[in-house]
Amino acid sequence: MHDGKSYFFVGIGGSGMMPLAMILAGQGARVAGSDRTLDQARLPAKFDDLRAKGVALFPQDGSGITSADQIVVASAAVEATVADIVAADAVGAKRMSRAELLAKLFNAAPLPIGVAGTSGKSTVTGMIGWILHAVGRDPTVMNGAVMKNFVGEDAPFASALVGGGPESEGGAFVSEVDESDGSIALYWPKIAILNNVSLDHKSLDELRTLFGDFIARAGTAVINMDNGDGAALAMTLPPERRLTFSIGQEADLTAFGLIERPFGVDFSLSERNAAPIAVSLKVPGRHNVSNALAAIGAARAAGVSLAEAARAIGGFTGLRRRMELVGEARDIAVIDDFGHNPDKIAATLDTLHAFPGRLLILFQPHGYGPLKVMRGELVATLATKLHADDLLVLPDPVYQGGTVHREVTSADIVADVAATGRNALHIPARDAAAAHLAAEARPGDRIVVMGARDDTLSQLAADMLANIANKAGNAAQP
């Protein structure tokens with residue numbers, strides 16, 4: 001399939017790189033790579049899984065790049081001074097960005113299904129992948145998060161699914177597409193999903209252009225009419241090329257009668273005012289009803305019946321780090337969550353506040369640049385969505401090397417939030433921030449670890465739970 005091509009991934013352990021490497025390896029390409037996390041001996045299980053899939057791993061010192069025949073794949077964040085990039089230039093190896101390679105595979109598929117939007121991309125991608133898998137369509141799925149439905153002994157990090165769907169079966173390639181670096185412009189979907197348009201990495205004007213161009217290239221665009229900017233973009237398309245969805249408002253797919261549970265939600269679903277059918281999700285929150293509508297809409301556009309899609313999505317068990325319950329000790333729950341922009345954080349807080357218990361939140365920002373862009377909206381969200389007895393702690397943003405401008409810091413966000421009367425602290429070191437929250441927690445509380453671009457946050461959440469459990473055990477000693 002790949003004509004014996006050899007790919008070398010610089011930063012192969014990244015959430016966007018690892019699933020792409022898995023897909024290529026599963027399709028028969030020769031794949032190798034390096035990663036700073038590997039060199040630092042962190043997250044060994046992830047790299048053991050790559051080795052088990054036939055991926056050769058090297059130190060990030062240039063030693064793995066020795067031939068002009070290799071195709072060197074790196075994200076935009078990898079700087080030219082990194083040893084592997086220096087080695088690639090020295091041997092004359094072809095260079096590709098992660099987005100360029102993914103777009104090449106995506107665009108070549110018989111049925112490319114692209115999931116876009118500021119929030120919910122990974123969940124919707126996982127939902128679509130699960131629906132198509134459940135109805136026998138055997139899709140290829142490229143996700144930025146681990147899909148619990150596909151986790152097994154041979155796939156502990158199932159952020160990708162390598163399908164064999166022939167053209168007669170649709171040959172679906174489902175992938176989230178990224179607007180943050182503008183690479184969404186590379187993708188030509190037959191089915192495009194637009195979840196929402198809101199601030200994260202770019203201005204709203206830039207986002208409207210990127211998302212508008214994306215849905216304009218699609219045969220069918222599935223669009224959230226509950227999002228103002230999304231609804232406006234939907235109206236730029238002719239009716240026959242759009243499939244709309246909404247919670248409670250008239251649309252092609254409408255959900256109503258929501259009944260929320262702590263870790264699930266039920267609702268009724270009507271298609272173009274037809275008789276409603278019942279849907280029961282194993283993932284919580286109003287935002288996941290919206291995500292489910294997007295996924296069902298994509299499945300409908302791909303030819304799956306409404307009844308089949310609704311039945312299948314009831315079996316979707318979620319993604320890792322999406323409001324994931326790590327465990328409970330001393331009647332204190334620890335939750336691991338990917339929330340990192342205003343919309344995602346609001347969705348998590350709204351969902352958790354629907355049930356009793358104080359929230360103790362450790363939010364590690366995913367970079368200084370996003371903090372600068374999101375400052376006003378992020379502070380407004382936290383000021384509005386935090387309850388009076390909640391506690392927010394921000395360590396410094398994740399930093400993984402390179403040159404950054406630190407114009408807006410965690411301390412600035414905390415000062416802004418505290419000025420609104422909410423409880424917020426800046427504790428620069430992440431371990432110290434975690435220790436403070438664990439010490440503050442009391443029975444009935446929920447600790448929420450939030451942030452993106454840092455896989456070690458999950459281990460931090462697990463360590464916090466273990467520390468709380470150990471305190472309970474020590475307290476019980478005579």
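I'll walk through a sheet with its helices, then a helix pair, in this model.

Quick caveats: the model is predicted, so local features need pLDDT of at least 70 and side-chain atom pairs count only at pLDDT 80 or more, while totals for chains, interfaces and linings use all residues. Residues are numbered from 1 along each chain as its sequence is written, and side-chain values use heavy atoms, leaving out hydrogens and water.

Okay, the sheet. Six strands make an open, mixed sheet, ordered β16-β17-β21-β18-β19-β20; strands here are DSSP E runs of at least two residues, helices are H or I runs of at least four, both numbered from the N terminus. At the edges sit β16 (324-329) and β20 (424-426), each pairing on one side only; pairing takes at least two DSSP bridges between two strands. Look at β17 (residues 332-337) and β21 (residues 446-451): they run parallel, joined by five bridges.

Now the helix pair. α6 (residues 121-134) packs with α10 (residues 306-313) at about 115°, axes 9 Å apart. Axes are lines fitted to C-alpha atoms, for helices over the stretch in contact, and angles run from 0 to 180 degrees between N-to-C directions. So α6 and α10 are roughly perpendicular, a word covering 65 to 115 degrees; under 35 is roughly parallel, over 145 roughly antiparallel, and the rest oblique.

And who touches whom? From α6, Met127, Trp130, Ile131 and Ala134 meet Ala309, Ala312 and Ile313 of α10, contact meaning heavy atoms within 4.5 Å.
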